Amino acid sequence: MFTKGNLLTKTRKLVNGLAKAKPVWLKAMEMSPPPVFPRAEKKVERICLPEDVYINKFYKKHPESLHEDPIKISDFDPTPSRIFGQRVLELMEQGVNEQDAIDVADTEYRLQKKSKKKAYKRLKEIAKLRGTKPPPNPYPSAVKEIQAEERKYVQDRFFNPRILEIVDKLKEQQAAEMLDRGRPGGGL
C-alpha cells in the first residue's frame, strides 16, 4: 500500500518503477538509513485504577460533584471522588463488605462536606460581626468560578464601543433586509 513505509522505501519503489529519476541523496540514505520506530499494532489499552469503579459509583450518587470538584492539574490534593474510592478500597481490605464500605465512605464524604460548609458559614458570621468583608468561599463550585471569569466579558458587551458599533451595523443590516422583503419585487 502506498501509505506504508518510510521515505527511503517509497523512493526506492518510485525509482525502480521508473516513475522518478534517482535522487542524489538516495545512495547516502541507503548506506545509513533513518531509524525505524516500532508502531503499536493494536489500540492502546485504557489505564484503569482499582478505585475507578467506586469513583463512577460516587458520581452516580453525587452528580453535582462533577461540577463542584473539578480536577486541577496543579493541585496535589486528590478530588473527593478519588478519596471516596480509596476509602472504599481501604475498608474492603479491612474485611468490610462492598456495600457497607460504600455506605461508610459516603457518610464520611457527606459529613466532611457539611463540616466545611458549616466552617465557612461561621467565618462569614465572624466577618459580619467585625464589620469586615467576608473571606472568599474556599469551596466554590466550578460553575460559579467559570461564571466569575466570564462576567467581565458579559459586561463588556454592553459598554465596549467596538462591540456596540458591530451591534448597530447588524441592526442596520437587519432593518435593510426587512425593507427589501416588504418592497414589491424585492426578495422573493
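Is Asn56 buried, partly exposed or exposed, and what is its relative accessibility? At 47% relative accessibility, Asn56 counts as partly exposed; buried means under 20% relative accessible area, exposed over 50%, and partly exposed in between (1.4 Å probe, protein chains only).

This is a predicted model, where local features need pLDDT of at least 70 and side-chain atom pairs count only at pLDDT 80 or more, while totals for chains, interfaces and linings use all residues. Residues are numbered from 1 along each chain as its sequence is written, and side-chain values use heavy atoms, with hydrogens and water left out.

**View 1. The whole protein has 8 helices and 0 strands.** Helices (H or I, at least four residues) and strands (E, at least two) are DSSP runs, numbered from the N terminus. Of the 188 residues in the protein, 15% are buried. Residues 24 or more positions apart account for 42% of the contacts with a separation of 6 or more, a contact being heavy atoms within 4.5 Å.

**View 2. Asn56 sits in helix H3.** Follow the chain for 29 residues and you get from Asn56 to Gly85; their C-alpha atoms are separated by 8.9 Å.

**View 3. The largest nonpolar core has 11 residues.** Among them are Tyr54, Ile55, Phe58, Phe84, Leu91 and Tyr109. A nonpolar core here is a set of buried Ala, Val, Leu, Ile, Met, Phe, Trp, Tyr and Cys residues joined through side-chain atoms within 4.5 Å.

**View 4. Asp106 is in helix H6 and counts as buried, at 7% relative accessibility.** Its side chain makes a polar contact with the side chain of His62 (2.5 Å). For a polar contact, take a pair of N or O atoms within 3.5 Å; within protein, one must be able to donate a hydrogen and the other to accept it, and residues adjacent in sequence count only if both atoms are side-chain atoms. Setting aside neighbours within four places in sequence, Asp106 is in contact with Lys61, His62 and Phe84.

**View 5. Asp52 and Arg82 meet in a side-chain salt bridge (3.6 Å, N to O).** Asp52 lies in helix H3 and Arg82 in helix H5, so the pair ties together parts that are 30 residues apart in sequence. A salt bridge means a side-chain nitrogen of Lys or Arg within 4 Å of a carboxyl oxygen of Asp or Glu. Asp52 counts as buried at 18% relative accessibility, whereas Arg82 is partly exposed at 27%.

**View 6. Glu108 forms a salt bridge with Arg87, the closest N and O atoms being 2.8 Å apart.** Glu108 belongs to helix H6 and Arg87 to helix H5, 21 residues apart. Both ends are partly exposed: Glu108 at 33% relative accessibility, and Arg87 at 22%.

**View 7. Val154, Phe158 and Phe159 make a nonpolar surface patch of about 320 Å².** Patches are made of residues with over 30% relative accessible area and no salt bridge: like charges are joined within 9 Å, nonpolar side chains (Val, Leu, Ile, Met, Phe, Trp, Tyr) within 5 Å. Areas come from the Shrake-Rupley method with a 1.4 Å probe; for residues, only the protein chains shown count as cover. Val154 is in helix H7 (residues 142-159) and is partly exposed, with a relative accessible area of 35%.
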